[in-house]
Amino acid sequence: MPAGAGRRGLPQGLGLCWLLCAFPLKLCQAESPVREEKLSVSTSNLPCWLAEEFVVAEECAPCSNFQAKTISECSSTGYVEKITCSSSKRNEFKSCRSAVMEQHLFWKFEGAVVVVALVFACLVIIRQRLLDRKALEKVRKQIESI
């Protein structure tokens, strides 16, 4: 009787895959259940730009030394824009991402990708030369044995 002929269920090899997928799911379900509570959110604590429409009064610009020390929004990106909320007429600062900063980050990422690609290309070339040398050595030994 061939292997697995009388067996029902998952094909051979898929049982382990199923087990590896099902185990983490069971662990996630076993965690304490999340209580669904509705939290009352006070809009007075939130910045006005989260709750209402706003107009940008000053475009995104790097924070000055003084702003970096006094405005908490400067700490995350180092850039801030001044906004005016429509209905409350409050002026606030909002953290933003500068196009120049994004461009620098993009080119740093591209440079890192090129460096990694070059390293692995060199490794492939070295490995290929090693395998070619081994194959030539094997052929040379076979010819010498004749």
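**Figure 1. Overview of the fold of the predicted protein.** The protein contains five helices and three strands, where helices (H or I, at least four residues) and strands (E, at least two) are DSSP runs numbered from the N terminus. Along the sequence these elements follow the pattern α-α-β-α-α-β-β-α. Of the 146 residues in the protein, 11% are buried, a term that denotes under 20% relative accessible area, with exposed meaning over 50% and partly exposed in between (1.4 Å probe, protein chains only). The protein exposes about 12800 Å², of which carbon and sulfur atoms supply 63%; accessible areas come from the Shrake-Rupley method with a 1.4 Å probe, and for residues only the protein chains shown count as cover. Among contacts (heavy atoms within 4.5 Å) with a separation of 6 or more, 43% join residues 24 or more positions apart.

**Figure 2. The salt bridge between Lys 94 and Glu 81.** The structure holds five salt bridges, each defined as a side-chain nitrogen of Lys or Arg within 4 Å of a carboxyl oxygen of Asp or Glu. In this view the side chains of Lys 94 and Glu 81 meet at 3.7 Å, N to O. The pair links distant parts of the chain, since Lys 94 belongs to strand 3 (residues 91-95) and Glu 81 to strand 2 (residues 79-85), 13 residues apart. Lys 94 counts as buried at 17% relative accessibility, and Glu 81 is likewise buried, at 11%.

**Figure 3. The salt bridge between Arg 90 and Glu 92.** The closest N and O atoms of Arg 90 and Glu 92 are 2.3 Å apart. Arg 90 is partly exposed, with a relative accessible area of 33%, whereas Glu 92 is buried, with a value of 16%.

**Figure 4. A salt-bridge network that includes Glu 137, Arg 140 and Glu 144.** Glu 137 and Arg 140 form a salt bridge whose closest N and O atoms are 2.2 Å apart. Both residues lie in helix 5 (residues 99-145), three residues apart, which is about one turn of the helix. Through salt bridges that share partners, Glu 137, Arg 140 and Glu 144 are joined into one network. Glu 137 is partly exposed at 32% relative accessible area, and Arg 140 is partly exposed at 37%.

**Notes to all views.** Residues are numbered from 1 along each chain as its sequence is written, and side-chain values use heavy atoms, with hydrogens and water left out. Because the model is predicted, local features need pLDDT of at least 70 and side-chain atom pairs count only at pLDDT 80 or more, while totals for chains, interfaces and linings use all residues.
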